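Me: I want to go through the sheet, the cavity and the pockets here, and to hear the criterion behind each term. Please set each value against its definition.

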Amino acid sequence: MSNNEATLKPLSGKTALVTGGSRSIGAAVARRLAADGAAVAITYSASPDKARQVVADIEAAGGRAIAIEADAGSPEAVRAAVTRTVTAFGAVDILVNNAGIALGGPIDEIRFEDYERMIAVNVTGVFVATQEAVRHMPSGGRVIHIGSSMTRYAAFPTASLYTLTKGAVTGFNRSLVRDLGPRGITVNTVHPGPTDTDMNPDGGPVSQIVGPGMAIGRYGKPEEVAHVVAFLAGPQAAFVTGADVVADGGFTA
Ligand code: NDP
C-alpha cells in the first residue's frame, strides 16, 4: 500500500461487521467504513430492501459488502452472521455493535415482554456478537459499541428501560478492555446524542423535548456518528481503549 492509499483508505485490507446496518446510523457507518477501504458485512432484521441498497451503493463505489439477515435478539442468528462474515472475508477486524431498539414507557407500565426484548436485542445481541467476533479477531482489532448520551443525562421520562440497556453496554465496554487489551484489540463506546434517524427523527416527538437542549442548535446526522466510529476503527486510534466517546452536539455538556 502506498502512503497515499494508506491515508485515503486507512481500513484497506480490513473487514468489518456492522450490526443493524440497513438504515440510519448503522447504514452510515457501513458506508463510511467501506469508503475507508474495509470489506463490510451488515446485518438486518426487518429491512431487506434497504440492506440490499446499502450493499449496492458500496459496490457501486468500488467496495465490497454483504448483507446478512440476523435478528440481534437471536443468539443463533448473530453467531451465524459472524461465521458468514468470516467465511466471506476471512476475519472480523472491526465489530460495530449498532443494532438497537427503543421500547419503554413509564416504569409502572412497561410490559415485561418489552423488557425481555430490549435485553435480548440491546444487551444479549451485543454480548453474543462480541464474544463470537473476537474469536475471529486478530491483533489490531476493534470493538465499537453504539451507546447513548442517555447514559449521561436523562432528559425526559419513559426511557429508563432504554437507559438500562445502554448502561449495561457501557459497563461491558469498561471491563472488556482488560480481556482484549493484551491481544491488541481496543474496545470503545460511541455515545450519540439526538441524531436524525428513523428511531428519532428531527421534528419528531422526542425532538420537541430535546431540541432546545442541543448546544450546537441542531440534531446530529448519522454521518457525524459514522465519522467518530471510523476514527476509532482506524490505525490512529490504537491507543484509545475503554473510552466513552460522546458525539452529542453538546447535549449532555
Ligand atoms: P433506527 O431505528 O433508525 O435503525 C436501527 C437499525 O438497526 C436498522 O438498520 C435496523 O434494521 C437495525 N435493527 C433494529 N432491530 C434489529 C434487530 N433486532 N436485529 C438486527 N438489526 C436490527 O436506529 P438509529 O440508527 O437511530 O440507532 C442506531 C443505534 O444508535 C441504536 O443502538 C440506538 O440505540 C443508538 N442511538 C440512537 C440515537 C438517536 O438519536 N437516533 C441516540 C443515541 C443512540 P432493520 O430495519 O433491518 O431491522
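Me: What makes strand 4 and strand 5 a pair?
Reply: Two strands pair if DSSP finds at least two bridges between them. Strand 4 (residues 94-97) and strand 5 (residues 142-146) have 4 bridges in the parallel sense, so they count as a pair. Ile94, for one, has Arg142 in strand 5 as its bridge partner. Strands here are DSSP runs (E, at least two residues), as helices are (H or I, at least four), numbered from the N terminus. The model is predicted, with local features needing pLDDT of at least 70 and side-chain atom pairs pLDDT 80 or more, while totals for chains, interfaces and linings use all residues. Residues are numbered from 1 along each chain as its sequence is written, and side-chain values use heavy atoms, without hydrogens and water.

Me: Which strands are called edge strands, and why?
Reply: The open sheet has 7 strands in the order 3-2-1-4-5-6-7, with parallel pairing. Strand 3 (65-69) and strand 7 (244-247) are the edge strands, each pairing on one side only. From one strand to the next the twist averages 20°.

Me: How do you know that helix 4 packs on the sheet?
Reply: Helix 4 touches strand 1 (15-18), strand 2 (39-44) and strand 3, where contact means heavy atoms within 4.5 Å. The direction of helix 4 makes about 155° with that of strand 3; axes are lines fitted to C-alpha atoms, for helices over the stretch in contact, and angles run from 0 to 180 degrees between N-to-C directions.

Me: What makes a space a cavity and not a pocket?
Reply: On a 1 Å grid over the protein atoms alone, a 1.4 Å probe fits in a cavity but cannot get out, whereas a pocket is an open set with protein on both sides within 12 Å along at least five of seven lines. Lining residues have an atom within 4 Å of a point. The whole structure has 1 cavity of 30 Å³ or more. The largest cavity holds about 100 Å³, a volume being the space filled by probe spheres set on points joined across faces, edges and corners.

Me: How many residues in the lining of the largest cavity are nonpolar, polar or charged?
Reply: The lining has 10 nonpolar, 4 polar and no charged residues. Ala, Val, Leu, Ile, Met, Phe, Trp, Tyr, Cys and Pro count as nonpolar, Asp, Glu, Lys and Arg as charged, and the others, Gly among them, as polar. Helix 5 gives the largest share, 4 residues.
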